[in-house]
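Have the viewer open and follow along.

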Amino acid sequence: MGDDVVLAAAGGNVSAGVGMPALLHLDAFAREVEQAFGHLPYLVGSAARGKTWRDVDVRLMLPDDEFDALFPQFHAPAPGRLDNRWALLCAAISELGRTRTGLPIDFQIQRTSDANERYDGVRHALGLSVSWTA
């Protein structure tokens, strides 16, 4: 898992426990997600808060209209059943993330309004790149 990587956040520094070079691989994976969906994913959950984690939670928050167009049956399944398209995409992208990063990725796609309403924890944008111009 490596040493903690300190990420700057509003209100101070937050320790993320994926370490180096895993964070570099996680950012590269995030850029692939952005290329496919047009939005950056976020590191959330216990890996966003420190070194003790079971898996690495990565969330892609899509605008509600984009999420609803991609997963029109998401809220329609019977109680206790998942939307099969959503479940397959999340599982496949989780496995891709595990392969690309070597980390136990738990990838999920969320509606932005649902994510903001239900989850108020730390979110670190992944895949940000800095370019310098002279």
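Start with Glu95 and Arg98, which form a salt bridge whose closest N and O atoms are 2.6 Å apart. (Salt bridge here means a side-chain nitrogen of Lys or Arg within 4 Å of a carboxyl oxygen of Asp or Glu.) The two sit three residues apart in helix α4 (residues 84–101), so about one helical turn separates them. Glu95 is partly exposed at 40% relative accessible area, and Arg98 is partly exposed too, at 41%. For those labels, buried is under 20% relative accessible area, exposed is over 50% and partly exposed is in between, using a 1.4 Å probe and protein chains only.

A word on the ground rules: this is a predicted model, where local features need pLDDT of at least 70 and side-chain atom pairs count only at pLDDT 80 or more, while totals for chains, interfaces and linings use all residues. Residues are numbered from 1 along each chain as its sequence is written, and side-chain values use heavy atoms, with hydrogens and water left out.

The salt-bridge count comes to eight. Another of them joins Arg111 to Asp64, with 3.7 Å between the closest N and O atoms. Arg111 lies in strand β5 and Asp64 in helix α3 (residues 64–70), so this pair ties together parts that are 47 residues apart in sequence. Arg111 counts as buried at 14% relative accessibility, whereas Asp64, at 25%, is partly exposed. Both belong to a network of salt bridges that links Asp64, Asp68, Arg111 and Asp114. (Helices, H or I of at least four residues, and strands, E of at least two, are DSSP runs numbered from the N terminus.)

Now for the sheet. Its four strands run in the order β5-β4-β3-β6, open and with mixed pairing; strands pair if DSSP finds at least two bridges between them. β5 and β6 stand at the edges with a single partner strand each, so one side of each has no neighbour in the sheet. Even so, β5 is mostly covered, with five of its seven residues buried. β4 and β5 pair in the parallel sense over seven bridges, and Arg59 has Gln108 in β5 as its bridge partner. Arg59 also meets Asp57 in a salt bridge (3.6 Å, N to O), and both are buried.
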